[in-house]
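Subject: Structure handover, with notes on what was found

Dear colleague,

Please find below the structure that I promised to hand over to you. My notes follow it, and I would be glad if you read them with the structure open beside you.

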Amino acid sequence: MAVQVEVKDNRVQQALSELNRKREEAGIPEELRKRRYHMNGSEKRFVREKRAYKHAVGEVVSERIKWLMMRKKPTGGR
């Protein structure tokens, strides 16, 4: 996938920042990190399970925060 930007009025710095933003959106840095070295199945499974665990913990914390916010008594505004 080719990522291109146009340099207008010799604004190279602005073009570079736009290029980096487009690279991030296209997912190029993640793909490069994945291809940097080979992961065997057990490593992939470990990373996948670790990501799932973090996601589940985040869900639990989010639910607890929602529950606490609902229990919070409204203050009389004077």
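To begin with, Glu31 counts as partly exposed at 33% relative accessibility, where buried means under 20% relative accessible area, exposed over 50%, and partly exposed in between, with a 1.4 Å probe and the protein chains only. This is a predicted model, in which local features need pLDDT of at least 70 and side-chain atom pairs count only at pLDDT 80 or more, while totals for chains, interfaces and linings use all residues. Residues are numbered from 1 along each chain as its sequence is written, and side-chain values use heavy atoms, with hydrogens and water left out.

Salt bridges

Glu31 is the partner of Arg35 in a salt bridge, with the closest N and O atoms 2.7 Å apart; the term stands for a side-chain nitrogen of Lys or Arg within 4 Å of a carboxyl oxygen of Asp or Glu. Because Arg35 and Glu31 are 4 residues apart in helix 2, about one helical turn separates them; helices here are DSSP runs (H or I, at least four residues), numbered from the N terminus. Arg35, at 64% relative accessibility, counts as exposed.

The structure holds 3 salt bridges, and another of them joins Lys22 to Glu18, where the closest N and O atoms are 3.7 Å apart. These two residues are 4 residues apart in helix 1, so that about one helical turn lies between Lys22 and Glu18. Both ends are partly exposed, Lys22 with a relative accessible area of 31% and Glu18 with one of 25%.

In helix 3, Glu63 forms a salt bridge with Lys66, and the closest N and O atoms of this pair are 3.8 Å apart. Glu63 and Lys66 are 3 residues apart, about one turn of the helix. Glu63 is partly exposed, with a relative accessible area of 46%, and Lys66 counts as partly exposed at 48%.

The largest pocket

Which residues line the largest pocket? The lining is made up of Glu30, Arg33, Lys34, Tyr37, His38, Met39, Lys44, Val47, Arg48 and Arg51. A pocket, on a 1 Å grid over the protein atoms alone, is an open set of points where a 1.4 Å probe fits, with protein on both sides within 12 Å along at least five of seven lines, and lining residues have an atom within 4 Å of a point. About 360 Å³ of space lies in this largest pocket, the volume being the space filled by probe spheres set on the grid points, which are joined across faces, edges and corners.

Helix 2 (28-35) and helix 3 (41-71) each supply at least two residues of this lining, and the largest share, 4 residues, comes from helix 3. By residue class, the lining divides into 3 nonpolar, 1 polar and 6 charged residues, where Ala, Val, Leu, Ile, Met, Phe, Trp, Tyr, Cys and Pro count as nonpolar, Asp, Glu, Lys and Arg as charged, and the others, Gly among them, as polar.

A nonpolar surface patch

Tyr53, Val57, Val61, Ile65 and Met69 make a nonpolar surface patch of about 500 Å². Such a patch is made of residues with over 30% relative accessible area and no salt bridge, with nonpolar side chains (Val, Leu, Ile, Met, Phe, Trp, Tyr) joined within 5 Å, and accessible areas come from the Shrake-Rupley method with a 1.4 Å probe. Val61, one of the patch residues, is placed in helix 3 and is partly exposed, with a relative accessible area of 42%.

Asp9 and Asn10 are both found in the segment before helix 1. Phi of Asp9 is near 55 degrees, a positive value in a residue other than glycine, and phi of Asn10 is likewise near 55 degrees. Asp9 is exposed, with a relative accessible area of 66%, and Asn10 counts as exposed at 72%.

Arg36, in the loop between helix 2 and helix 3, is exposed as well, with a relative accessible area of 66%. From C-alpha to C-alpha, Arg36 and Asn10 are 34 Å apart in space and 26 residues apart in sequence. Ala26 lies in helix 1 (residues 12-26) and is partly exposed at a relative accessible area of 35%; a distance of 28 Å separates its C-alpha atom from that of Ser42, 16 residues away along the chain.

With best wishes

How values were computed. Patch = residues over 30% accessible without salt bridge, like charges linked within 9 Å, V, L, I, M, F, W, Y side chains within 5 Å.
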